[in-house]
Amino acid sequence: MPDPYLTDSDLSDGQAATPITLVKTSDFDAWLASQSTAQQQWIQSSKFAATAGQHCWLLSSSGAPESVVAGWDGETSLATLGGLPFKLAEGCYSLNHPADELQLLGWGLGCYQFSRYKDQEHTPAQLVLPIDADSNRLDNFVRAISLVRDLINTPTADMLPSHLADEAAQVADTQGAECRIVVGADLLAEGYGAIHAVGRASEDAPRLIDITWGEADHPLIIAIGKGVCFDSGGLDIKSATGMRNMKKDMGGAATALGLAQLIMSESLPVRLRLLIPAVENAIAGNAYRPGDVLNTYNGLTVEVDNTDAEGRLVLCDALALATEAQPELMIDFATLTGSARSAVGPEIAAMFSNDDALADGIHQAGVAIDDPVWRMPLHEGYRHMLDSKVADTVNSASSPYAGAITAALFLAKFVDDVPWVHFDIMGYNTRTRPGRPEGGEAMGLRAVFRYLERRYRS
Ligand code: BES
Ligand code: ZN
Ligand code: ZN
């Protein structure tokens, strides 16, 4: 993929970028009236009315294409410029007026395509950044989010726990972070009974990836991601349609890794730890079973009601380990429940938190950076749904209702009073929108990064 952005110095002598003018839908009539009669006729015959997503070439007096006008809804979002890279012909473009960072980011994110297994037919257009834009920062955002998308889009055969661990180790290495990985039977020896149980039936051993970065005296932040590289459902096997897209069940891990990469590349003054339990929820003779009781890292015993509620199991060991370190804040991302998708749909991240100010701060950050999150309640009244007759808790509630909430309440048992946010995400765009191509997606990443930046960058 060519770089989405260029700077003036990338243009060769005499090479000119095609200017783009944004026209607000509500300003269209006035703008049209300011054009020459010939241009007006051309614009009207092109049916351009400056609605969002529309664009139109303007012609010079000799009839040659000279510049582009694009419709704009007047909001600042990824969509302002995010649809243009693949709508415009290949080449360099520039903006005729100021654009903010979010709009410029939309261009970069709109250039993404997944090309690991086939050459894509179209090359996205390139944008010459305004001189006051921070091209390094934009590159860091685009790289982090493209990494998340690539990891999710890669099929399981090439994105098993060992591959995910290699990807994480490579990010750590590039950023000068420490990386420790606990693999297979060592998980049992160190007390991670749940991660081991979920992942032991796979040919590719389960593992816990543990990355640390930053100065020891900076505030400790821990990011955690559900790394289920494929979720067959285990013995409580999923249906064919339910299983079809479960390569994306490591979307939480990908998002946490992308967030970590962004934090490190942007040198946020925090001490960062990243924990990824990476497993395949597979079926074999040694698979864990409904009714089994697991010993988890903080000593709680868990009766397995359903082996398809595996995400909360791998997360509970990681959350307990994180809690032991007493961080200032911990954040987990997980493609955890179908119930969260019923509640808020595929395009909004469901958020749970034990800290109101934290949840409000992330919600506001999400609004500002076009990364929608919606808080849901950790309703104590549903806790009884996790009661077990033989262990401290079951992994999956007895009731068919409130599945996202009971999953979050299960996680809360491993968190104590550490300030904590849990994101139950789709991790996937089910349709292409400007700046958001169909396929793997980082959801909640920008909201959290912006929140952290506000809080920790003086
Ligand atoms: N990975 C799934 C959840 C999921 C399904 C996320 C579809 C996004 C789209 C998770 O491991 C799962 O299977 N959850 C079950 C839990 C149930 C067995 C208690 C669910 O949500 O149905
Ligand atoms: Zn599952
Ligand atoms: Zn799952």
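Predicted model: local features only at pLDDT ≥ 70, side-chain atom pairs only at ≥ 80, totals over all residues.

Modeller: Residues are numbered from 1 along each chain as its sequence is written, chains are lettered from A and ligands numbered from 1 in the order in which they are written, and side-chain values use heavy atoms, with hydrogens and water left out.

Colleague: How do you know which residues coordinate the zinc ion (ligand 3)?

Modeller: Donors are N, O and S atoms within 2.8 Å of the metal (3.2 Å for Na, K and Ca), and sites may look incomplete, as water is not among the atoms. Lys226 (NZ), Asp231 (OD), Asp249 (OD) and Glu310 (OE) coordinate this ion at 2.0 to 2.5 Å. In sequence, these donor residues follow the spacing K-x4-D-x17-D-x60-E.

Colleague: Why is the site of the zinc ion (ligand 3) called octahedral?

Modeller: Six donors count as octahedral if opposite donors are over 155 degrees apart and all others between 65 and 115; four count as square planar under these limits, or as tetrahedral if all angles lie between 85 and 135 degrees, and anything else is irregular. Here six donor atoms make angles of 78 to 173°, and the site is classed as octahedral. Ideal angles for six octahedral donors are 90 or 180 degrees.

Colleague: What makes Asp231 a bridge?

Modeller: Asp231 bridges the zinc ion (ligand 3) and the zinc ion (ligand 2), which lie 3.2 Å apart. Asp231 lies in strand 10 (residues 227–231) and Asp249 in the loop between helix 10 (240–243) and helix 11 (251–265), so the pair ties together parts 18 residues apart in sequence. Helices (H or I, at least four residues) and strands (E, at least two) are DSSP runs, numbered from the N terminus.

Colleague: Why does Asp231 count as buried?

Modeller: Buried means under 20% relative accessible area, exposed over 50%, and partly exposed in between (1.4 Å probe, protein chains only). Asp231 has 2% relative accessibility and therefore counts as buried. Asp249, also at 2%, counts as buried too.

Colleague: How do you know that ligand 1 has polar contacts with Asp308 and Gly338?

Modeller: A polar contact is a pair of N or O atoms within 3.5 Å; within protein, one must be able to donate a hydrogen and the other to accept it, and residues adjacent in sequence count only if both atoms are side-chain atoms. An oxygen atom of ligand 1 is 2.7 Å from an N or O atom in the side chain of Asp308. An oxygen atom of the ligand is 2.8 Å from a polar backbone atom of Gly338.

Colleague: What makes strand 11 an enclosed element?

Modeller: In strand 11 (residues 271–281), 10 of the 11 residues are buried, so this strand is largely enclosed by the rest of the structure.

Colleague: How do you know which strands pair with strand 11?

Modeller: Two strands pair if DSSP finds at least two bridges between them. Strand 8 (residues 207–213) has seven bridges to strand 11, in the antiparallel sense. Strand 9 (residues 220–225) runs parallel to strand 11 and is joined to it by five bridges, and strand 10 is joined to strand 11 by four, also in parallel.
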